[in-house]
Amino acid sequence: MNALGAYAGAYFDGRTAQARDVTVECASGTVRILQPDGAVLAIWPAGEVRLAVRHRTGNALRLRCGTTDEARVTIADAAALAALEQCCPNLHRSADRIREHWRPLLLWGGGAIAAIVFLVAVGVPWLAGVAAQAVPYEVEAAWGDEVVDQAAGIISRFMGGGAEPRFCETPAGRAVLDRLVADLSRGSDLAIPVTVRVLDAPTANAITLPGGQILLISGLVAEAESGSEVAGVLAHEIGHVVHRHSLEGAIKSVGLATLLSLVVGDVTGGTIIIAGAQVLLETSYSRAAEREADAVAVALLNSADVSAEPVAAFFDRLANQDPDEPGLVEMISTHPPSQARAAAIRAAATGQGVAMSDADWQTLQHMCDD
Amino acid sequence: MTDFVIAPAVPDTPVLFSGKRGDLTQLVIVNMLLTAVTVGIYRFWAKTRLRQFYWNSIAIGGNALEYTGRGTELFLGALIAVVVLFILSVIIGILQYIISLGDFRAAQLVDLAVYIVIAWLYGYAVFRARRYRLTRTLWRGIRFGQDGSPARYAWRRFGWLLLLIVSFGVVRPWYDVAMRRFEISHTRFGFSRFDYAGEGRELFRYWWPVLLPMAVMAAALAMLGVSFFAALQEQALPAGDPEAMSAALDTIAEARSSLIAYLLIFAALVGYVLLSTRYRVAALRYLFAVTSLHGVACRSQVRTPRVMLYAVISTVMTLAVLAIGLALIEPLGVFGIILFIFGLLTAGLINQVFFVFPLVRHVVDSLEASDLAALDTVVQATRDDPRFGEGILDALDFDMGVV
């Protein structure tokens, strides 16, 4: 390689702040930095020489050797850039390349990301579960009372009902529901009193809110083929009440929202703020939660001597539901069915009877008429 | 008006700013787009490139500053901080939530405690971030450094904030001086420590005028508060009752006649902005005047009118962009909303290109340094710098991260 000219520059040895006038020349694979009297101040291997800063026209060239040394050479003549590019193959390699420090990146970065994934998938749900059980029942009940009316409005709109939630209340229907709840909960000791109400909306669903508030959507009553089906669904929802899944879901959302805002760093100030009842609505319970609720449902049905076959058949219908056909689709999204669930219910069921008389079923079905 | 004078009167070494607005605009646009596309992850590399631009544009005696920080360091620092802070904030968040279910007032107490802790933590984070930036700054190949414990700094800052509140802001110049003294007297260039010779009372002559509009605003707000409260109480009456209606209207009319109060507040607000900007600019000049290293010092000629000019221009531009964005939501629907969000990001661009850039350029160009010969003896210090940068500050930082 031929010497590509010598250029005047300033040299800083990285040990003191003194500037030295030097000549910089490139020859046979090295860059040499010479004092005016010819003495060599430093020899840099050409392969190690890089630009210390991104070069902008008009500014001096700034060179360094390697990625950690603090010695610098500045060359005012921009024409030197062409010569240096010929001489030094790595001139434009930035110091921030992955190859330079993949080890700490892998270690710390991978560890941190793994920790975040762990927190999202395991940590927060577990914490939420523990926290939910730690909340005193009275506190949950009080909060449920406050929230249920707000939530009902949002749920009503979401389910295709009116903006103002309309509850179906006839004295006869109320009596039927109360009897049903009493029959089902006779076998268990519920720490939270269960309040069941029927919300007028065309979708088939049932929602459990904190504090033992269960909302049966009238669409479900319309879709159901017998009172025992409704009883089975109600028993399932009571299962959610017993295990406090609704509260757990709300706490989990708070935790995830906090994590998200930390990770995204609030650059544009926009983090997802999940408000009250929508949390309760959009939380689809984990499979474990569904299984727990199913277990409670079967236990309640057994102790009330109600056959679980109708509700198992209902879950079969859900599993075979045509996704394009409305009707049970909404139910499916929040209560993901599977053959296993129906089978598990049938396996554990011992009840033989019906949940209510035909007359009561008629009353229930007509509860929303007027 | 006599301004702050530095002790040794010596030949002036120019401090120059060489950055071009066009280069910066290009850089900011690329940063913006990449940050948006990566949902904020790119912000660490964006910040790094921005600092590289500004640092490299500043030349003292012909030698430019160099920023050796890396986006990767900021990224890792933030990741670690996320994990640590998350565990803390989830526990606190869940605690708050549960407490709020039971006793609302207790939850507010927890809220207050959290804010207090964050206020302390912010001081800690600011100091650590400063240390990171200094250790990543090179001049003539010599690294800067920041000694001093971040915890002590945080406590000092917290104590002064309490004093500030208790004194209704009167002690602000002493607070500023105390903070700068801790920072500067622990700041190093190589092995050499900076000297800080500032006193709070010297800044007070720029601060006391700010207290006047503050007092006026407080008085006017009190006036308004009283009449609003009265009006609210009257409005609790049922709408159907004609007598109650007219009584309510009377009270509202009374409140509106505190038009004087509104005007006072507006005037006081304008006065406050002008005078406090003047104070901040004076504080900057003072900072340069009382800071020195081996007898080498800088003198700053930065003046308030220029600063106000840049502030006004960028604010007007931002408001115009946001107004256009808002107006477009109506006819363009969802597309309009996307444009509006874009407009918000553009506000960041406007801020950087039309406020920060000309401001830094003006501050740097108005600096003159004394003879730098004494600095030739400064020796490089051994490595003691933090490995990763600014994690907590990134997590706590709610502004657009200027520099």
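How many bridges join β6(A) to strand β7 (residues 72-75) of chain A? I looked this up and found three, the two strands running antiparallel. The model is predicted, with local features needing pLDDT of at least 70 and side-chain atom pairs counting only at pLDDT 80 or more, while totals for chains, interfaces and linings use all residues. Residues are numbered from 1 along each chain as its sequence is written.

Terms. I took strands (E, at least two residues) and helices (H or I, at least four) as DSSP runs, numbered from the N terminus. I counted two strands as paired if DSSP finds at least two bridges between them.

Strand β6. I noted that A:L61 stands opposite A:I75 in β7(A). The hairpin of β6(A) and β7(A) has six residues between the strands, and A:G66 in the turn has a positive phi of about 70 degrees. I then turned to strand β5 (residues 49-51) of chain A, which is joined to β6(A) by three bridges and runs antiparallel to it. Here A:R50 has A:R64 as its bridge partner.

Burial. I used buried for under 20% relative accessible area (1.4 Å probe, protein chains only). Five of the five residues of β6 (residues 61-65) of chain A are buried, so this strand is largely enclosed by the rest of the structure. A:L61, A:L63 and A:C65 point one way, A:R62 and A:R64 the other. In a regular strand, side chains alternate between the two faces of the sheet.

The sheet. I read the order of the open, seven-stranded sheet in chain A as β4-β3-β2-β1-β7-β6-β5, with antiparallel pairing. β4 (40-45) and β5 of chain A stand at the edges with a single partner strand each, so one side of each lacks a neighbour in the sheet.

Definitions and conventions:
Chains lettered and ligands numbered in written order. Heavy atoms only, no water. Buried < 20%, exposed > 50% of the residue type's maximum accessible area, 1.4 Å probe, protein only.
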